[in-house]
Amino acid sequence: MSILRHLGMVLAIFLLAACTTTPVEKTTSWQGRLALKIHTDPVETFSADFELEGNAATGTLTFSTPLGLTAAQLEWGAQGAKLRARGEVRDFESLDALTLYAVGSKLPIASLFAWLQGDNAPAAGWETDLERLSSGRLNARRLPPEIPVDLKISLER
């Protein structure tokens with residue numbers, strides 16, 4: 001799986017737009033480490049430092065290398081979505097279109113904003129574990145029949 005597909009998968013998980021619940025309007029910011037495991041054959045993995053700002057309607061998600069360099073940046077808002085990676089910029093009419101391009105399916109993102117705020121908002125096909133959120137840990141899993149995905153987030157304090 002290419003780096004754009006990995007970044008797209010991560011974006012998709014963060015922007016959970018397809019299976020959203022009530023949108024979270026509050027603007028927020030999180031930083032930490034993200035690990036993603038995609039149960040394809042062979043299994044694909046991705047991990048990066050991240051900074052997420054905004055809300056489900058408008059925001060940015062930046063992935064950084066271990067050396068602190070920006071690997072990719074995702075932006076979304078009323079005007080559409082944008083992916084900046086490898087010196088290229090790609091525009092999309094919506095976050096759904098970006099996630100569809102990046103990973104081949106629309107994935108729920110608005111729910112992630114709720115999860116990070118401690119609200120175990122449902123997202124079709126996903127289960128979440130917020131038990132350790134108070135210590136900065138969030139786990140989510142996409143279940144079959146879609147390709148299973150494990151998402152682990154460790155927030156900075």
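The model is predicted, so local features need pLDDT of at least 70 and side-chain atom pairs count only at pLDDT 80 or more, while totals for chains, interfaces and linings use all residues. Residues are numbered from 1 along each chain as its sequence is written, and side-chain values use heavy atoms, with hydrogens and water left out.

**Overall fold**

Let's start with the big picture. The chain has three helices and 10 strands, where helices (H or I, at least four residues) and strands (E, at least two) are DSSP runs numbered from the N terminus. Along the sequence they follow the pattern α-β-β-β-β-β-β-β-α-α-β-β-β. Of the 157 residues, 43% count as buried, meaning under 20% relative accessible area with a 1.4 Å probe and protein chains only, whereas exposed means over 50% and partly exposed lies in between.

Nine strands make up an open, antiparallel sheet in the order 7-6-5-4-3-2-10-9-8; two strands pair if DSSP finds at least two bridges between them. At the edges sit strand 7 (88–92) and strand 8 (126–129), each pairing on one side only. Strand 9 (residues 137–142) and strand 10 (residues 149–155) are antiparallel partners over six bridges, and R141 has D150 in strand 10 as its bridge partner.

**A buried threonine**

T62 belongs to strand 4 (residues 59–64). T62 counts as buried because its relative accessibility is 14%. Its side chain makes a polar contact with the side chain of Q73 at 3.1 Å; such a contact is a pair of N or O atoms within 3.5 Å, and within protein one must be able to donate a hydrogen and the other to accept it, with residues adjacent in sequence counting only if both atoms are side-chain atoms. Leaving aside neighbours within four places in sequence, T62 is in contact (heavy atoms within 4.5 Å) with D49, F50, E51, T70, A72 and Q73.

**Backbone spots to check**

Most residues other than glycine have a negative phi, and most peptide bonds are trans.

| Cis peptide bond | Omega |
|---|---|
| D41 to P42 | about 5° |
| P144 to P145 | near 20° |

P42 lies in the loop between strand 2 (28–38) and strand 3 (44–54), and P145 is in the loop between strand 9 and strand 10. R86, which is not a glycine, has a positive phi of about 55°. R86 sits in the loop between strand 6 (80–85) and strand 7, and counts as exposed because its relative accessibility is 62%.
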